[in-house]
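Work through the exercises below with the sequence and the 3D view at hand. Try each task before reading its solution.

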Amino acid sequence: MTEPILQVDNCHVWFDIKGGLFTKKQTVKAVNGVSLQVRAGETFGLVGESGCGKSTLGRAIVKLYRPTSGTIRYKRQDITALKGEQAQEYRKHVQMIFQDPYASLDPRMTVSEIIREPMDIHDLYPRREREARVVELLQTVGLKPDHIRRYPHEFSGGQRQRIGIARTLALDPEFIVCDEPISALDVSIQAQVINLLEDIQKKLGISYLFIAHDLSMVKHISDHIGVMYLGHLVEIGPSRELYRHPLHPYTQGLLSAVPIPDPKRARERHRIVLDGEIPTPIDPKPCCPFATRCPKAMEKCFCAVPPSIQVDGRQVACFLYQEGGRAASEINIK
Amino acid sequence: MSVLRVEHLSTQFATDQGTVQAVRDVSFSVEAGEVLGLVGESGSGKSVTMFSIMGLLPGNGHVVDGRVFLNDEDLSVSAFGSEKEYEKKMQTIRGNQMAMIFQDPMTFLNPVLRIETQLMEPIRNHTKLSRAEAAARALELMEKVGIPSPEKRIKQYPHQFSGGMRQRIIIAMALACDPQLIIADEPTTALDVTIQAQVLELIGQIKDSLRSSVILITHDLGVVAQTCDRIAIMYGGKIVETGTADEIFYMPNHPYTKGLLGCVTDPESDTNEPLTPIPGSPPDLLKPPAGCPFLDRCTQAMNICRDYMPGQTVFSPTHTSCCWLNARGGEAG
Amino acid sequence: MDKETITPVRLPDPLPANAFDALPDEERNTEFIAMESRTYFQNVWANFRRNKLALTSLCFIVLMCVLAIAVPILSPYTYDGMDVQALNQLPSWKHIFGTDKFGRDIFVRVMYGARISLSVGFAAAGINLVIGVIYGGIAGYVGGKTDMVMMRVVDMLYSIPSLLYIILIMLVFGSNMFSVLLGICVSSWVGMARLVRTQVMSLREQEFSLAAEVMGASRTRILFKHLIVNSIGPIIVSLTLMVPSAIFQESFLGFVGIGISAPMSSWGTLANEARMVLNSYPIQIVWPVLSICLTMLALNFLGDGLGEALDPKKR
């Protein structure tokens, strides 16, 4: 198997909430011991509901946050400690596409200035060629060259997201963190953006970390998928396997909650509706994060964090699969 | 008899760039006890249609044409003669016969008032119940929408509830006066998948127990497939196709509907069929095309589509579609 | 299938032969944007123009500036030219605002005062802009301990009564325009710094500034090219409101007699001089006071108008 291009090991990202005069200092454990690997040219999908820490992890990978502990290695180099020149070099390779196409483009800059900016910063291409490169990038993402003098607010959401992608591509990155790039877009536009990202991957061999809460689109684009819950990665597996046969009770509930665009099957489908809400990530108890909502929770789930183990070629962090070799299929909720 | 009938509704917004024709000649009806899904992309006019019906348009928007009937009672400004009379009438109807559920519950809840006070408000406004009776009714509503330990929680403030719980409270407020029609504008868009499933289940239960009609505005075809009896697809300020859920999903006629279905993937299917996105961007309603609004993105567009709006083709009592392909000598498909 | 087509539109008769042929690709208008492209300031101007009160105010201020420059040059009188033949005259064709107790033409003196008052106002606003934007920008962007220390310094400056150090400055540097300006600016940039800081702090969390960081943009670049450029709206509004407050402060200093010294005049000192003959010639105090009032009103209306025009939510 090829060596991973990105390797995250036991990564924690914690934020301190400053205590007031009468309140104790609290810690938001946004990412709590996550390990994952992304191979060159593949797409790793990271799914989970809001507040599960998936975006925080993505931001730690592009060096917007510094992990509290653990390592993030890009091509074997630990990037958490990179500074100055080396950090700049890393930024050329690893880029990010943002969620909100309305907020991620500077409203006071023209399209041309926006897409040029990364080239200006890193002094790529001779000055005179940059304009031509901007036009080329615009065409890559399916926009017209005469849009170049317009301002972001004149575009629709999908068009803006494509401008954002063009800006990201300006640096010829090898790895792109896509932070919910389609969740703010309309259905017909989502498919456009997904196809665009896939085309770019095919053409340029870029690897993606694709963060989203829309499970059907993630399945479509990803080779491997990791499911996050409350700062923990509860299950990792090849995307088709994971969807066909989810192991972790949370994955099962999550997949069952996804509405399917087929009225007959929707009527017949047996759905697991998870009760309750996601607990707060402020000073979580040292137990299975999902224990409070899990339909199969056992006593020990409330006592310790289940370690991640290999089951059927997948990684699952759940006590159900821990001992005695109970076959995964027996436990699956049907 | 239809609960709601909308005929030739057109709504425009005045902006400094010109007039935006947000809704153009929209007609549809909602039968008693059914859930109508109004599907469309942002800017297709689906929310504006509902705001026009409720008389809640912002200052620069106005209904330029069309009529709205609730139980055969004409609720158009023209039927009342003046804006003032219309507004007076609508105040007795909103929250009473017609209720609305919004996407973002926090904009609808007053952060400094207890839930109890806010729940009692529509009850006291529209019924003759006493304070104590209204309070009892409020508690009953809290139970109905599945909020745990309602006696305690009814005394709390909105910020003490999570997003999903707030949405339940909004639903409780909408139910306060047993409305005949509930308009839910993207009620689950802001929620997480597992919470969305909870809220959708709740809406389904309510429909069954109350026999209210529901208009569900959404862009999520999965949500529609799961909850709606009938579906109307909107594009560029017009309704392009209507039909029962089965007709829309299994026998789509309009190229836009087909396109939309090609844009979604089934999370349960084993094959990874490629997505077939609709190219281009939605039309700019500042200068909508003279002909079919879908013209520029339609792979099957014809010369006639450019200049003439297609008429309605009726396939069954429930299934209609507006596309010139159907007029092309029966070879439509 | 049973088909019935209702056609509410009138079709051309006869129907062109190619009506049902595929639409040629070049006739499609994909990625069409109907909105005309306007820069930010074109938009602001379009919004601003509709506010007649603000527009009138802008005209008034421009007119005032032109008069302040032109009148002392073109008029036959000078601001300090005394005429013992014509003391304390009422307005007439010769002296349209009348003369003061030394026979100086009040109109010329008011216009000369406008020079001083307006330049103090604009200069103070300009200095505040530079200091406030840089100071507030850095405090807001760097954040943490730096921000804490910088903002406590600001609080301290704010807590000292301004009259105290203005008098001190006057003692050291004498009663001239420089010391008046210095005195006004010592404390008034604080408001600007606070405003810029809040703006920068909220914009810093926006995705476009995160995007710039991921791109590898330097901190100075993010601060000046993205954050401050995007706070320009509130900055301009606060700037227009800062001008009248500086004018007012200067006039106040002049009026209590610690401003610019004679024979130079600002509106405040003119009012002060007129106060001495208030009982016998009350008309003399009207001109400087009227000038102050109208200018202040105009600048305030202008600030309000700009505030509305620059507000992105109004779009």
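The exercises that follow concern a predicted model.

**Exercise 1. Confidence**

Task: State what ipTM and pTM the predictor gives the complex, then find which elements of chain C have the lowest and the highest mean pLDDT.

Solution. Start with the complex: the predictor assigns an ipTM of 0.85 and a pTM of 0.85. Next take chain C, where the mean pLDDT is 83 and 90% of the residues reach 70 or more. Then go element by element: strand 1 (residues 4-6) of chain C has the lowest mean, 47, and helix 7 (residues 207-215) of chain C has the highest, 92. Finally, look at residues 1-7 of chain C, where the pLDDT is below 50. Beyond near neighbours in sequence, this stretch has 11 contacts in the model.

**Exercise 2. The build of chain C**

Task: Work out how many helices chain C has, and decide whether chain C is spread out or compact by the globule rule.

Solution. Count the elements: chain C holds 11 helices and one strand. Read from the N terminus, their order is β-α-α-α-α-α-α-α-α-α-α-α. Now compare sizes. The globule rule gives 20 Å for 315 residues, and the radius of gyration of chain C is 29 Å, well over that value, so chain C is more spread out than a compact globule. Along the principal axes, the C-alpha atoms of chain C fill a box of roughly 105 × 60 × 30 Å. As for burial, 37% of the 315 residues in chain C are buried. Last, take the contacts in chain C with a separation of 6 or more: residues 24 or more positions apart account for 69% of them.

**Exercise 3. A sheet in chain A**

Task: Give the strand order of the open four-stranded sheet in chain A and name its edge strands.

Solution. The order is 2-1-4-5, with antiparallel pairing. Strand 2 (26-39) and strand 5 (77-78) of chain A each pair on one side only, which makes them the edges. Strand 1 (residues 4-17) of chain A pairs with strand 2 of chain A over 11 bridges. In this region A:C11 stands opposite A:V34 of strand 2.

**Exercise 4. Where chains A and B touch**

Task: Find how many residues each chain gives to the contact, and which helix supplies the largest share on the side of chain B.

Solution. Chain B gives 38 residues and chain A gives 37 residues. On the side of chain B, the elements giving two or more residues are helix 8 (193-210), helix 9 (221-227), helix 10 (245-250) and helix 11 (255-263) of chain B. Helix 8 of chain B supplies the largest share, seven residues. Sorted by type, the residues on this side of chain B are 17 nonpolar, 13 polar and eight charged.

Technical notes:
Residues numbered from 1 in each chain as written. Chains lettered and ligands numbered in written order. Predicted model: local features only at pLDDT ≥ 70, side-chain atom pairs only at ≥ 80, totals over all residues. Contact = placed C-beta atoms within 7 Å. Nonpolar A, V, L, I, M, F, W, Y, C, P; charged D, E, K, R; others polar. pLDDT = per-residue confidence, 0-100. Pairing = 2+ DSSP bridges. Rg over C-alpha atoms; globule rule 2.2 N^0.38 Å. Buried ≥ 20, exposed ≤ 12 C-beta atoms within 10 Å, placed from the backbone.
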